[in-house]
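Subject: Structure for your reading

Dear colleague,

Please find below the structure that I am handing over to you, together with its sequence. My findings follow it, arranged by topic.

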Amino acid sequence: MHTEKRPIWLRALLTGGFLVLCAAWLFMAVVLWDGGRLSWGFKPIWPKTGTLPIVRNLPSGAFLADLPSRFRDWDGMAALLIYLCLFPLPCWAFALTALLPDTLRRFFPGNRRLLLGYGIVAALGVVFGLLCTLAGCTTLLRGLLSFSAEQRLARIHMLLIPISGALAVLGWLLPCAIHRLLKLRGGRALLREAGGGARRAGLCFACAFAVTAASCLLLAAIKPLAPQAVRFVDGFCANNAVYDTEAFVSVCMAPLMEELAFRGLIQRGLRKNLSAWAAVVLTSVFFGLWHRNTGQFVYAFLFALMVGAIYEATGKLRYTWLCHMLMNLFAIMGYSDSARALLGKLHFFPWLRKLLLGLPAWAAAPLLLLVVAGIALLVRLMRAKSAPKESFSQEQ
């Protein structure tokens, strides 16, 4: 990403405007989180009758059929619905600014006639994304709409979200997969590509485990200064380990939307006018503020630094998604120390979590530095064989 072609005053102006937009999106999210009950009534998304008896006859069908009765905790449902409300905006913004232009460059290089077509698609996409957001954010419209109108918007929103996902697959993932297969044209090249992806996936696993341990050490180091913040994190993670909905949001919904928003949009946008580490640090600050409390800010900031470096090294969101999902899963496993836990009663992860959180600050701080150095080495290994000739902006 070359930034020296723009004068410094223009880079500063563009960066400032982009930061204002990012702050506005975060403000909208905070309004949603603090806005109270959504008009969906916290009811199960799946129907209670109809197709569920048929579903029970399928493999794992009993689990799927019992989901409506399992997804009942109010806090988890609130988090799930808020993530669903916020998801279309970063999804469509990322598709219009990164995915669709990259697909056009790959299949139709130098074809200026497509600019008009892209403008039309972009305009339709913006309207569609606004409709998704409007349909989901009924809390912001309370008092202006009747209850029945809010319910209709909620149903529209539930319909638009899978349509957004299907369009993303058909409009980007499928063409890019075909392009990659045609480009490789051979079994050896395909195996080499798969081997490189498997190697980076293994490094992501190690990074996620290391940053989970580093988060425990960081909380142990700040515990004398902010004991209430650490207790809040304990309670939050314990709930994620017990309640189905909160675990689903933590492992699936949060990584998907947050990586699109923070790495795919914010970090990628800042990188156009700032250096790599400036973009990573500013994005990490936004990511920490997104969690809205001191305890989660400290380890969210540390985690964001790591995945930001991974995104800078690889230019691919798939690895940041994997790291995010694994770290949240490891956190749930660390608090699975009772029979009520979703994963059952585990031994190694809860023991390790209690050991690290129980360390005194004078011992946790130097050990934290060693773990952070190990994370930096893992990220460097991930970058060693990444393709340097590809532009950072070309998401694959």
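**An enclosed helix and its setting**

Of the 28 residues of α11, 25 are buried, so this helix is largely enclosed by the rest of the structure. Helix α11 also bends by about 40° at Ala254, and a proline, Pro255, follows within four residues. Please keep in mind that this is a predicted model.

The protein as a whole has 16 helices and 0 strands. Of its 396 residues, 46% are buried. Among contacts with a separation of 6 or more, 76% are between residues 24 or more positions apart.

**The second largest pocket**

The second largest pocket has a volume of about 920 Å³. Its lining is made up of 44 residues, and those nearest the centre are Phe236, Cys237, Asn240, Gln296 and Tyr299. Sorted by class, the lining has 27 nonpolar, 12 polar and 5 charged residues.

Which helix gives the largest share of this lining? That helix is α10, with 7 residues. Several other helices supply at least two residues each, including α5 (74–86), α9 (187–222), α13 (294–314) and α15 (348–357).

How many disulfides does a search of the whole structure find? The search finds 0.

Cys216 is buried, with a relative accessible area of 13%.

Cys323 is in no disulfide either, and its nearest cysteine sulfur, that of Cys204, is 3.6 Å away.

Met382 lies in helix α16, which covers residues 361–384. Is Met382 buried or exposed? Met382 counts as buried because its relative accessibility is 0%, and the cut-off for buried is under 20%. Leaving aside neighbours within four places in sequence, Met382 is in contact with Arg199, Arg200, Leu203, Cys204, Ile310 and Thr314. Met382 and Ala313 are 69 residues apart in sequence, while their C-alpha atoms are 7.3 Å apart in space.

Thr212 lies in helix α9. Its relative accessibility is 14%, so Thr212 counts as buried. Which residues does Thr212 contact, leaving aside its neighbours within four places in sequence? They are Met327, Phe330 and Ala331.

Val230 is in helix α10, the helix that gives the largest share of the lining of the second largest pocket. With a relative accessibility of 2%, Val230 counts as buried. Not counting residues up to four places away in sequence, Val230 touches Leu219, Ile222 and Lys223. Val230 and Ala220 are 10 residues apart along the chain, and 8.2 Å separates their C-alpha atoms.

Yours sincerely,

A colleague

Definitions and conventions. Residues numbered from 1 in each chain as written. Predicted model: local features only at pLDDT ≥ 70, side-chain atom pairs only at ≥ 80, totals over all residues. Heavy atoms only, no water. 1 Å grid on protein atoms, 1.4 Å probe; cavity = no way out; pocket = protein on both sides within 12 Å on 5 of 7 lines; lining within 4 Å. Points joined across faces, edges and corners; volume = space filled by probe spheres on them. Nonpolar A, V, L, I, M, F, W, Y, C, P; charged D, E, K, R; others polar. Disulfide = S-S within 2.5 Å. Buried < 20%, exposed > 50% of the residue type's maximum accessible area, 1.4 Å probe, protein only. Contact = heavy atoms within 4.5 Å. Bend = angle between axes of the 7 residues up to and from the residue.
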